[in-house]
Amino acid sequence: MVDTKQLINQLSAEATPVKIVRPERYAAFLLALLSIYAMCAQCWLEGFRPDLAMQLTRPLFMVELLLLAAMLVSASLASVYAMLPDGAQRKTLMRLPYVFSGGMLALVIIQIFLPQDAHMVMSDADSHTHECTQYIALSSILPAALIFGLLRKGASVMPMQAGLLAVIAAVSVGAITLRLAEANDDIMHLLTWHYLPSIFFASLGALLGRYLLRW
């Protein structure tokens, strides 16, 4: 009869080592790559809008940028923790992207009913429309692919939520770089061609997560 201690040692030696997922390292790596990608995207857009310094004095413009940045950071972190079956018990973190996204949408809708700021640049006949949506979509492909690749290294039990978070982070990169580059503050333009399409893309991310992140 095999000695119990010997049997334990034998089974331990034959067991396949389990790779430990360290979300903190993945999160730092992801945020660094997304930051570099955002800088490259800004250069591709030929830098910043010429009136950016003045626009930064507008409180609502600053709040918009801060909410977009918060969406990017929180969704990136939450998507990484979604790699783990229990989300590392970070329930508050997992909710933050939805809070910031809801705040972003509310901010834009509220501005429809507010008086127009004299410093806002309004769209004209030659302004971009669907080109903005196309840019956000195309600029989101690479970061979304990167995040989905990281998520597949984990063992998420919430693939749709993980996919949704991944695309929220990805579209946030395109949305914030475009907002810094395009001299157009027309609220209906932003709602129609920037933020409503971003919600649609995030919904597609949830569907992709259902198929790409299942075990």
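1. H4 and H8 each supply at least two residues of the lining of the largest cavity. Helices here are DSSP runs (H or I, at least four residues), numbered from the N terminus. This is a predicted model, in which local features need pLDDT of at least 70, side-chain atom pairs count only at pLDDT 80 or more, and totals for chains, interfaces and linings use all residues. Residues are numbered from 1 along each chain as its sequence is written, and side-chain values use heavy atoms, with hydrogens and water left out.

2. The structure holds one cavity of 30 Å³ or more, and the space in the largest cavity is about 40 Å³. (On a 1 Å grid over the protein atoms alone, a 1.4 Å probe fits in a cavity but cannot get out; a pocket is an open set with protein on both sides within 12 Å along at least five of seven lines; lining residues have an atom within 4 Å of a point.) H4 gives the most to this cavity's lining, three residues. Arg58, Phe61, Glu64, Arg179 and Asp185 are among the lining residues, and the classes are five nonpolar, one polar and four charged.

3. Now to the largest pocket, with a volume of about 340 Å³. Its lining counts 15 residues, and Trp44, Leu45, Glu131, Tyr135 and Leu178 lie nearest its centre. Helix H2 (23-44), helix H6 (130-151) and H7 each supply at least two lining residues, with the largest share, six, coming from H6. Ten of the lining residues are nonpolar, three polar and two charged.

4. The second largest pocket holds about 260 Å³. Its lining has 16 residues, and Met71, Ser101, Tyr195, Ser198 and Ile199 are the closest to its centre. H4, helix H5 (91-112), H7 and helix H8 (187-212) each supply at least two of the lining residues. Twelve of them are nonpolar and four polar, with no charged residue.

5. Helix H4 (residues 59-81) and helix H7 (residues 159-181) are worth a look as a pair: they pack at about 150°, with axes 8 Å apart. H4 and H7 are therefore roughly antiparallel (angles over 145 degrees, on a scale from 0 to 180 degrees between N-to-C directions). The crossing of H4 past H7 is left-handed.

6. On the H4 side, Phe61, Glu64 and Met71 are among the residues that meet H7, whose own partners include Ser172, Ile176 and Arg179 (contact means heavy atoms within 4.5 Å). The residues of this contact comprise 16 nonpolar, three polar and two charged.

Key: Angles under 35 degrees count as roughly parallel, over 145 as roughly antiparallel, 65 to 115 as roughly perpendicular and the rest as oblique. A crossing is left-handed if the near helix is turned anticlockwise from the far one by less than a right angle, and right-handed if clockwise. Ala, Val, Leu, Ile, Met, Phe, Trp, Tyr, Cys and Pro count as nonpolar, Asp, Glu, Lys and Arg as charged, and the others, Gly among them, as polar. Grid points are joined across faces, edges and corners, and a volume is the space filled by probe spheres set on the points.
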